[in-house]
Amino acid sequence: MKTITLFEEAKDSGKNFEELGINRTLYWAYKNSKEAGNQLIDFNECIWEYDIEPIVTALKKFKITEFTISSTFSSLIETLAAFEKFGCHMAGLTEIKASYTDHMTGEAKVIPAIKMNL
């Protein structure tokens, strides 16, 4: 996964996300995806509509052109449509590592996700 230096240094900076210009939803998706060992940032939680434009702006800033959405929240269709308005397009399905362990294997559970291109 591409390292975002601003995010890596954020926790030690003593500043809050707003001061650093970091979108919280994107930050936690990045952090959780990195810890799970995924190659792409995966959004596994609810994405609020007001977060979509700042997320897309940040992804462009950091030259990130792909991400995934594995969340199954109830307004997912509306969220996908909102991402489309900002230039993100569904590129099919893929599999990613979840941030939790599969109790049968002891490894990170592999789950389906929607791959998005920017």
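**View 1. Lys-34, a partly exposed residue of helix α3.** At 34% relative accessibility, Lys-34 counts as partly exposed (buried is under 20% relative accessible area, exposed over 50%, partly exposed in between, with a 1.4 Å probe and protein chains only). Lys-34 sits in helix α3; helices (H or I, at least four residues) and strands (E, at least two) are DSSP runs, numbered from the N terminus. Skip the neighbours within four places in sequence, and Lys-34 is in contact with Met-1, Thr-3 and Glu-8, contact meaning heavy atoms within 4.5 Å. Met-1 and Lys-34 are 33 residues apart in sequence, yet their C-alpha atoms lie 6.8 Å apart in space.

A word on the model itself: it's a predicted one, where local features need pLDDT of at least 70 and side-chain atom pairs count only at pLDDT 80 or more, while totals for chains, interfaces and linings use all residues. Residues are numbered from 1 along each chain as its sequence is written, and side-chain values use heavy atoms, with hydrogens and water left out.

**View 2. Thr-25, a buried residue of helix α3.** Here's Thr-25, also placed in helix α3. Thr-25 counts as buried because its relative accessibility is 19%. Leaving out residues within four places in sequence, Thr-25 is in contact with Phe-43, Cys-46, Asp-51 and Ile-55.

**View 3. The largest nonpolar core.** This core has 29 residues, and Ile-41, Phe-43, Phe-67, Ile-69 and Phe-83 touch the most other members. A nonpolar core here is a set of buried Ala, Val, Leu, Ile, Met, Phe, Trp, Tyr and Cys residues joined through side-chain atoms within 4.5 Å. Two or more residues each come from α1 (5–13), α3, β1 (41–43), α4 (49–61), β2, α5 (76–85) and β4. Helix α4 gives the largest share, 5 residues. Zoom in on Ile-41 and, not counting residues up to four places away in sequence, you'll find it touching residues including Met-1, Leu-26, Tyr-30, Leu-59 and Phe-67.

View 4. Strands β2 (residues 66–69) and β4 (residues 108–117) pair in the antiparallel sense over 4 bridges; two strands pair if DSSP finds at least two bridges between them. Phe-67 has Met-116 as its bridge partner in β4. β3 and β4 are antiparallel too, over 8 bridges, with Leu-93 opposite Ile-114 in β4. The β3 and β4 hairpin has 6 residues between its strands, and Gly-106 in the turn shows a positive phi of about 80 degrees.

View 5. On a 1 Å grid over the protein atoms alone, a cavity is a set of points where a 1.4 Å probe fits but cannot get out, and lining residues have an atom within 4 Å of a point. The lining includes Asn-32, Ser-33, Asp-42, Lys-97 and Ser-99. Two or more residues each come from α3 (24–36) and β3 (89–101), and β3 gives the most, with 4.

Technical notes
On a 1 Å grid over the protein atoms alone, a cavity is a set of points where a 1.4 Å probe fits but cannot get out, and a pocket is an open set with protein on both sides within 12 Å along at least five of seven lines; lining residues have an atom within 4 Å of a point.
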